[in-house]
Amino acid sequence: MTEQVTTGTDVNRMRELNALSIVRALRGNPPSTVTELATRTGLSRPGTDVIVQGLVADGWLTVVEPDGSSVVGRPARRYRFNAGAGHVVGVDVGAHKVLAMLADLDGTVAATSRLPVDPGADPAARLAVVDAAVDECMAAAGLSPGDIWAISVGVTGPVDASGRTALFTPLPGWASVSLAEHLAARFSCPVQVENDCKLAALAERWQGAARDADDIVYVLAGMRVGAGLIIDGTLRRGYGGAAGEIGALPAVRWLTAPRHLESCASLPPGIDTDDAAAWVFNAARSGDKTARTAVRRFTRDLAVGTAALVLALDPQMVVLGGGFSRSADLMLDQLARELGRICLRVPEIRASTLGAESVALGALRLAIDEVDARLFEAGLPAPVAPRA
């Protein structure tokens, strides 16, 4: 009979795994007692108590003191995951603005910075605005680059495996930019770059209109039209990062759909192109027949690509997002009718509840997912602050 020898390495690894199991049991859950954690993890109560005290000392857990509502006996201490142990940053790099958000590991936003940028700005000028927005967030939260555990950035256009928008981007010179390399010069944490429509879809499922759905087609409706896809609860990127870019097909008419609004005959002379759509939607809401026709034609073109995605994917839900989602009251019913004429089954259609913050919020969610993936990776030691 061979006697099994347990080494110090084995014991240490077991402690690490047990600590991770407790952190996982608390992550995203209400505060729990040691007894509840022992039941949930399958560990002994004494062993759980020892590990919990170590996690508190290391800063991974915090104690939730009794609120005094109990009148019988001494209430048990409860513990929660310390979401403030680390922070993440999400950034939306758009044509007219850069929006940065800084949040703890539960996604609670601690600081926000929205800075304007010239649509014609060259890459260096736009990157400077990105840096300024992130710096403003860190300053407001009293943090430094070493306190950031992950950064995710949303950009316009399909993003390849290297983090570049090599296939298409409306931002001048942006195809040559490596955001990941630029930010890595200042931050030691992982940096991810993703398409803005995909991040908006992620945000809607996390905190927005699609929290109760696993199969989602997110349609960004604005002066640019795009889509993000979540299937079986997973964000779909495609082999080259171009999943959902159905607007590249001319027959879909997404590229030209905004022209119905820009060329509306009742537009006042001299109105800026950036303000034209808002004027048309307001006029349509007030009963202007020409404006109503423009909105109807835009929605009809929007429905063509949406129907193609619905027929291909059979999603549970379509979320109408982007800047024009503020006028969803003028479009949702017609969009449903158009899909009903074409599709075998019309999914539920909802308007975004996150508006202009959806991309940055989706970037935060992606950054938190990155932290969690490394934190709960079996090969990582714990409890330590996850780093790249």
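This is a predicted model: local features need pLDDT of at least 70, side-chain atom pairs count only at pLDDT 80 or more; totals for chains, interfaces and linings use all residues.

Student: How many helices and strands does the protein have?

Tutor: The C-alpha trace spans about 85 × 55 × 45 Å along its principal axes. Within the protein, the count is eleven helices and twelve strands.

Student: Which residues of β8 are buried on one side, and which on the other?

Tutor: Strand β8 covers residues 216-220, and five of its five residues are buried. Both of its faces are therefore covered, given that buried means under 20% relative accessible area. On one side lie Ile 216, Tyr 218 and Leu 220, and on the other Val 217 and Val 219.

Student: In β9, which residue is the bridge partner of Val 217?

Tutor: Strand β9, residues 226-231, runs antiparallel to β8 and is joined to it by five bridges. The two strands form a hairpin, with five residues between them. Within β9, the partner of Val 217 is Leu 229.

Student: In β11, which residue is the bridge partner of Leu 220?

Tutor: Strand β11, residues 317-321, is also joined to β8 by five bridges, but these two strands run parallel. Within β11, the partner of Leu 220 is Gly 321.

Note on methods
Residues are numbered from 1 along each chain as its sequence is written. Side-chain values use heavy atoms; hydrogens and water are left out. Buried means under 20% relative accessible area, exposed over 50%, partly exposed in between (1.4 Å probe, protein chains only). Helices (H or I, at least four residues) and strands (E, at least two) are DSSP runs, numbered from the N terminus. Two strands pair if DSSP finds at least two bridges between them.
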